[in-house]
Structure formats: C-alpha cells, structure tokens
2 protein chains.
Amino acid sequence: MAEPLRNDRLLRALRRQPVDRPPVWLMRQAGRYLPEYRAVRERAGDFMTLCRTRELACEVTLQPVERFDLDAAILFSDILTVPDAMGLGLHFVEGEGPAFARPLRSAAEIRALPVPDPESELRYVLDAVRTIKRALAARVPLIGFAGSPWTLACYMLEGGGSREFVGARRLRFERPALLAQLLDTLTTAVARYLAAQAAAGADALMLFDTWGGLLDAEGFRRFSLAPLQRLTAELAAAAPGVPLIVFSKGAGTRLSELAATGCAGLGVDWSVSLTAARAAVADGVALQGNLDPTALLANPRAIRERVAAVLKDYGDAPGHVFNLGHGILPATPPEHVAVLVRAVREHADGVAG
Amino acid sequence: MAEPLRNDRLLRALRRQPVDRPPVWLMRQAGRYLPEYRAVRERAGDFMTLCRTRELACEVTLQPVERFDLDAAILFSDILTVPDAMGLGLHFVEGEGPAFARPLRSAAEIRALPVPDPESELRYVLDAVRTIKRALAARVPLIGFAGSPWTLACYMLEGGGSREFVGARRLRFERPALLAQLLDTLTTAVARYLAAQAAAGADALMLFDTWGGLLDAEGFRRFSLAPLQRLTAELAAAAPGVPLIVFSKGAGTRLSELAATGCAGLGVDWSVSLTAARAAVADGVALQGNLDPTALLANPRAIRERVAAVLKDYGDAPGHVFNLGHGILPATPPEHVAVLVRAVREHADGVAG
C-alpha cells in the first residue's frame with residue numbers, strides 16, 4: 001500500500017479543498033536553467049538517454065524539489081515518447097529540438113499506427129515513475145504527464161518542432177476525417193499511457209495541449225477538445241481519483257469548454273487574468289498558473305510584486321495551484337526561483353497572520 | 001481634390017454600412033509568395049531599398065491588386081520604419097529578419113529618443129503613399145499602416161525579431177515607468193506618422209499590435225491598450241474620417257477592451273469565431289478576418305469550404321472585411337489566393353441570388 005503523502009497541498013487544491021497556502025511547482029522546473037541538471041545532462045550524453053535511464057530521470061526530477069522545497073515533483077520525460085513508441089524514431093538535434101526519423105507521410109502510415117502497450121514499449125517511463133516514487137518517499141506528489149493528441153499529431157505530421165505546424169493544420173482543412181482517425185489512435189494511446197503512469201504511482205496527471213492555440217475555434221472543438229473529452233472520461237474510469245490538469249496554451253477564450261471536459265484543473269497562461277478565468281469556468285475546476293515566465297528574469301523586488309499580483313488575482317478561494325503560465329525559461333537564474341517560492345509562502349503567512 | 005473611390009466597399013464596411021459583398025484584401029498580400037514580387041525584390045537588392053524607392057514600393061503594392069482584383073491596396077513598407085527614423089539603424093539580415101544596429105540599451109537612450117518628423121525623416125514612406133495613390137487612380141482604397149507602440153518597443157529593446165521579446169517584458173516588470181515613457185514617445189511618433197500617411201492620401205489606416213498577445217492581462221491594459229487609446233484619439237483629431245483598423249494578435253479575450261478604444265475596426269485572428277467576436281464587441285466596430293493562413297496551403301475545395309465557413313460565421317450583418325487571421329504564408333500558391341477571392345465573390349452572389 002502507498003504511504004500517505006506528507007505534503008498533499010497539490011491534491012487538495014486540485015479538489016478545491018482548503019489549504020494553508022497555494023501549492024507551488026513550475027512547468028519545466030527540472031531543466032537547463034539548473035546547473036545540477038546540466039551536469040547530469042552532460043553525463044547522460046543525450047536527452048533521450050537521460051529520459052531512458054531511470055536513475056538519471058529520477059535524479060533530475062528531484063533536483064528542483066530539493067533545491068526549492070516545491071510542493072510537487074513532475075516526471076522528467078518528454079511529450080514525444082508516445083509517437084516514439086509508435087515507431088517514429090525520436091531523437092534530439094542539439095540546439096534544434098526534437099525530430100522524428102519517420103514522420104507521418106501518408107494516409108496508409110496514419111492508418112497503420114499501432115497503439116503502444118505502455119508496460120512494454122514505454123516501460124522505461126513507468127520504471128522512472130516507480131523509481132521517483134520510491135525516492136520521493138511520500139514527501140510530495142508526483143505528477144505524470146503526456147502530450148495531448150492534437151499536439152502529438154502536430155509533431156508527427158511535421159517531423160519535428162515548428163512555429164506553424166502547417167502539416168497538421170493543412171490536414172485539418174483537407175482531410176479532416178483522416179486527422180480525426182489519427183487523433184483517435186493517439187487518444188487511445190495517451191489514455192493508456194497516462195493510466196499506466198497512475199498505476200505506476202503518479203499522484204496527478206497533466207496533459208500538455210501546447211499547440212491547441214493554433215487551431216481555429218471550430219477546429220479546436222473537433223480536433224483538440226473532443227479527443228480531450230474522451231481521454232478525460234477514459235482516465236476517470238482507468239485511474240479514478242487521480243486528478244488531471246489540462247494545459248492548453250493560448251486557450252483564454254476556451255476555458256469554459258475545457259473545464260466542461262471533466263478535468264480537475266486547467267493550466268492558464270498569463271494572457272488571461274485569473275479573475276476572468278475563474279469567472280469563465282464558474283469555479284468548476286482548479287486553476288494552475290499563471291505568472292509570465294519572463295517575470296523570473298526580472299529583479300527580486302519585481303518578482304515578489306508579480307507573485308503577489310497573481311495570488312491576489314486568484315483571490316482567497318480554494319483551487320489555486322501557483323505556477324508559471326508556460327515553462328521556465330533556460331535563462332532563468334535559479335536564485336530567482338527561490339525568490340518566487342519564498343514569496344508564495346510569505347504572502348500566505350501574511351494572509352494567515 | 002481627391003477623386004471619389006470607384007470601389008469603396010472597404011470604407012463602407014468599416015463604417016458598418018451595407019455592401020453588395022464583403023470587401024476582401026489579405027495581410028501581406030504583397031509579398032514573397034508572388035513571383036512578380038520576388039522579381040522586383042531581386043532587382044531592388046535589399047528590402048529597405050525596396051521600401052525606400054517609391055516606384056518599386058508602388059509596383060509591389062499594386063501587384064496583388066492587379067492579379068486578384070482585391071478591394072484594397074496596402075502600402076508596401078515595414079512596421080520598423082519609425083524606430084529606424086528614430087536612429088536605431090534598421091537593416092534586414094537575409095533569412096533572419098529585421099535587426100537594429102543600435103537597439104535601446106539604457107534608460108538614457110530611451111529618454112533621448114527623438115520623435116521623427118514624418119515629412120522629413122520618413123518622407124520616403126509618404127512619397128510612396130503619394131505615388132501609389134496616383135497609380136491607383138481611385139480604383140480601390142489605399143491602407144496605410146504602422147506598428148503599435150508596444151510592438152515597436154518589443155523590437156527596439158530586443159534589437160531584432162524574437163519569439164519571446166524578453167527585453168520588453170522584463171522592462172515591463174522591472175521598470176514599468178521607464179517602459180511607459182518609451183511607449184509615450186512611440187505613441188506620439190506613430191500618431192504623427194499615421195496622420196501624415198492619411199494627409200498623403202491613405203484612405204484607411206491599420207495598426208499592427210503583433211506582440212500584444214505576449215503581455216499579461218494587466219500589462220496589456222497599461223502598455224498596449226492605453227497607448228492605443230491615446231493614439232486613436234489623436235488620429236480622430238488629426239485625420240478625421242479616416243478609419244483605423246487595430247490588429248492585436250492573440251487578443252481573443254481582449255476584443256471588447258480594444259473596441260472601446262474608438263477604432264473603426266478590429267482585426268481578428270482565427271483562434272476566435274467571428275460570431276463570438278461580434279458578441280464581444282456588441283457590433284460596435286467592424287471586424288476584419290479571420291481565415292487561418294494555412295488554409296491557403298490546402299486544396300481549392302477545402303479553401304472554398306473555409307471561406308464559406310468564415311462568411312457564415314460572421315453572418316449577413318454589415319461590418320465584415322474578409323481577410324486572413326494573420327499574414328499570408330510565403331509558401332502559399334498564388335492560384336490559391338485567386339480561389340479565395342473568387343469564393344468570396346461567389347458566396348455573395350449566391351446570397352444575393
């Protein structure tokens with residue numbers, strides 16, 4: 001049996017239960033801005049070796065939790081592990097980001113895509129989850145994650161990173177039924193993958209719909225939201241009680257639709273105020289966010305002001321998970337993250353006192 | 001005295017008056033996707049020579065109007081002419097975009113920035129406007145344009161293009177009063193520049209707030225919206241009757257605030273439905289948009305479907321300017337633009353018949 005968590009602020013906040021102060025963790029908290037991360041990354045040689053070696057993935061997952069005493073750990077991995085397990089051949093080109101050796105090039109390839117069995121083809125991820133859970137020893141919750149079906153489709157059709165992802169968007173216009181079929185396969189794969197992470201010990205799950213904002217309103221409903229709806233329903237059955245946070249970048253106008261998927265929480269980017277976001281979701285889900293990551297490049301005084309502004313913007317109601325509105329920038333000084341975490345704590349002390 | 005325009009659909013739509021069909025023009029309609037543009041560009045040698053040579057700027061401005069029989073011409077120029085005239089030294093690095101020889105590096109430099117006199121330091125732009133007006137011979141309206149104060153500040157503090165523009169965003173957090181001072185100077189400069197374009201013959205004006213979406217909600221109000229408000233008021237006095245279209249990318253949640261600036265029309269990106277946008281602005285302004293530019297990479301059938309969907313989304317009310325939700329992509333086949341323009345016409349014929 002799993003030991004009860006000693007710090008369950010994140011899980012309580014995601015259930016919109018009262019907490020002594022908002023939990024705080026940061027998207028990409030394990031990453032290049034940390035010298036101790038860069039040292040392990042260098043030891044591993046390449047990025048995928050880091051992901052595939054459970055001890056190293058565990059080490060970098062724990063680094064920020066230990067350095068900053070954060071309220072959650074998030075699995076160190078990549079959103080593209082699922083397409084890799086489908087046979088696309090993921091690798092990372094230094095300075096250029098992810099690339100697939102075999103991007104999707106035809107309808108036949110889309111139709112032939114297999115749904116990976118997480119315990120075999122993605123076993124290295126689940127092994128990392130189990131290793132991290134042991135190492136955390138119930139100190140804080142562990143968040144597992146995956147890319148959203150639409151976001152994975154963007155990369156799989158493009159062959160790597162992009163600003164525009166014209167491949168997926170063109171398919172959306174030219175062959176919507178084929179795109180829907182691809183998303184259907186991906187939804188099944190991602191649901192199984194996330195359920196397996198929960199079974200391996202993940203206490204909460206997060207879905208990154210990084211490129212949902214590239215879709216037009218109608219396309220978003222059909223190609224991002226509909227898959228998320230099925231995914232949420234399947235996870236509720238396969239991993240009951242494990243809260244899911246959905247982060248769809250640029251979804252300021254779509255928060256009420258996203259909240260209606262049945263997820264526990266929504267990640268919110270900094271373009272929308274948390275007051276407006278709370279109104280949009282009618283307090284039906286928890287909200288995670290939404291400090292502009294560039295605020296962490298500013299001086300400590302400015303960081304403290306902005307943390308206070310975000311906390312005030314959400315207000316005193318339950319259901320706030322303090323976070324950035326997107327991933328931490330590599331140029332962020334680690335001491336600035338310490339300033340942020342302290343500011344969240346002190347603000348809460350001020351409120352309580 | 002100016003001859004009355006033979007095609008005034010754009011101006012009527014911007015006043016929300018009835019038209020036989022929505023006017024259609026496309027952001028970046030004069031650009032790299034056109035072989036005839038690439039030929040002139042090669043002749044000019046570099047991009048700024050093209051902008052600075054009135055005959056060449058006129059030639060490329062007219063190319064798409066002639067090829068596609070569009071309802072408006074837009075001045076061929078660049079949003080960064082204003083900072084260039086302020087002494088920052090604009091040049092274009094092949095394949096990398098714009099760069100400044102002397103980006104803003106200190107508070108002293110910000111405070112010392114001069115407001116250029118358009119008729120001397122930006123005379124080449126006004127000469128281009130006058131040349132184009134003569135060449136158009138009242139066939140369609142000519143749109144003048146400028147970058148928004150916030151968007152210009154982004155480039156001036158960064159020294160060139162960027163995905164993140166951390167310079168301006170960091171200043172927003174660390175030294176908001178200094179940023180406000182910079183924006184104040186830029187607002188004066190842009191207002192004079194646009195008024196001078198109107199005086200030189202521009203029939204409508206457009207303001208590109210390309211990077212407004214990078215600001216947090218509070219920052220947007222202070223650093224993008226407030227300058228736009230002053231600018232709109234000053235233009236209403238300096239160029240009465242010349243409608244202003246404001247395009248703020250990623251402003252789906254900010255449309256009602258933008259409409260309240262008093263501009264005539266709002267550019268809308270494709271992330272928001274025009275139905276929702278109309279509701280947000282309570283039909284108080286015209287709306288311009290909002291086809292996803294990647295739709296033009298799809299086949300003609302798909303393009304026709306999407307054009308019909310955008311027209312239906314706006315509905316039959318007056319006040320729609322058909323356009324893309326962002327600039328045309330360089331990979332766009334010119335024949336596909338012809339398909340789009342024809343589809344706008346045929347849809348209207350179908351409605352009328």
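In which helix of chain B is Thr131(B) found? In this predicted model, local features require pLDDT of at least 70 and side-chain atom pairs count only at pLDDT 80 or more, whereas totals for chains, interfaces and linings use all residues. Residues are numbered from 1 along each chain as its sequence is written, and chains are lettered from A and ligands numbered from 1 in the order in which they are written.

Thr131(B) belongs to helix α8 (residues 123-136) of chain B; helices (H or I, at least four residues) and strands (E, at least two) are DSSP runs numbered from the N terminus. Thr131(B) is buried, because 20 other C-beta atoms lie within 10 Å. A residue is termed buried with 20 or more other C-beta atoms within 10 Å of its own, exposed with 12 or fewer, and partly exposed in between, the C-beta atoms being placed from the backbone. Apart from neighbours within four places in sequence, Thr131(B) contacts Arg54(B), Glu55(B) and Cys58(B), a contact being a pair of residues whose C-beta atoms, placed from the backbone, lie within 7 Å. Between Thr131(B) and Glu59(B), 72 residues apart in sequence, the C-alpha to C-alpha separation is 9.7 Å.

In chain B, 7 strands form an open sheet with parallel pairing, in the order β1-β4-β5-β6-β7-β8-β9; strands pair if DSSP finds at least two bridges between them. The edges are β1 (73-74) and β9 (320-324) of chain B, each of which pairs on one side only. Strand β8 (residues 286-291) of chain B runs parallel to β9(B) and is joined to it by 5 bridges; Asn290(B) has Asn323(B) of β9(B) as its bridge partner. An antiparallel pair is formed by strand β2 (residues 90-93) and strand β3 (residues 97-100) of chain B, with 4 bridges. His91(B) is opposite Ala99(B) of β3(B).

Helix α12(B) lies across β5 (204-209) and β6 (244-248) of chain B and runs at about 170° to β6(B). Axes are lines fitted to C-alpha atoms, for helices over the stretch in contact, and angles run from 0 to 180 degrees between N-to-C directions. The axis of α12(B) also comes within 9 Å of that of helix α11 (residues 176-200) of chain B, and the two cross at roughly 30°. The helices α11(B) and α12(B) are therefore roughly parallel, a class for angles under 35 degrees, with over 145 counted as roughly antiparallel, 65 to 115 as roughly perpendicular and the rest as oblique. The residues in contact include Leu183(B) and Val190(B) of α11(B) and Phe223(B) and Leu231(B) of α12(B). By class, this contact has 11 nonpolar, 1 polar and 2 charged residues; Ala, Val, Leu, Ile, Met, Phe, Trp, Tyr, Cys and Pro count as nonpolar, Asp, Glu, Lys and Arg as charged, and the others, Gly among them, as polar.

The contact between the chains takes 27 residues from chain A and 27 residues from chain B. On the side of chain B that touches chain A, α10 (166-174), α12 (217-238) and α15 (300-314) of chain B each supply at least two residues. The most, 5 residues, come from α10(B). This side of chain B comprises 11 nonpolar, 8 polar and 8 charged residues.

Note on methods
Two residues are in contact if their C-beta atoms, placed from the backbone, lie within 7 Å.
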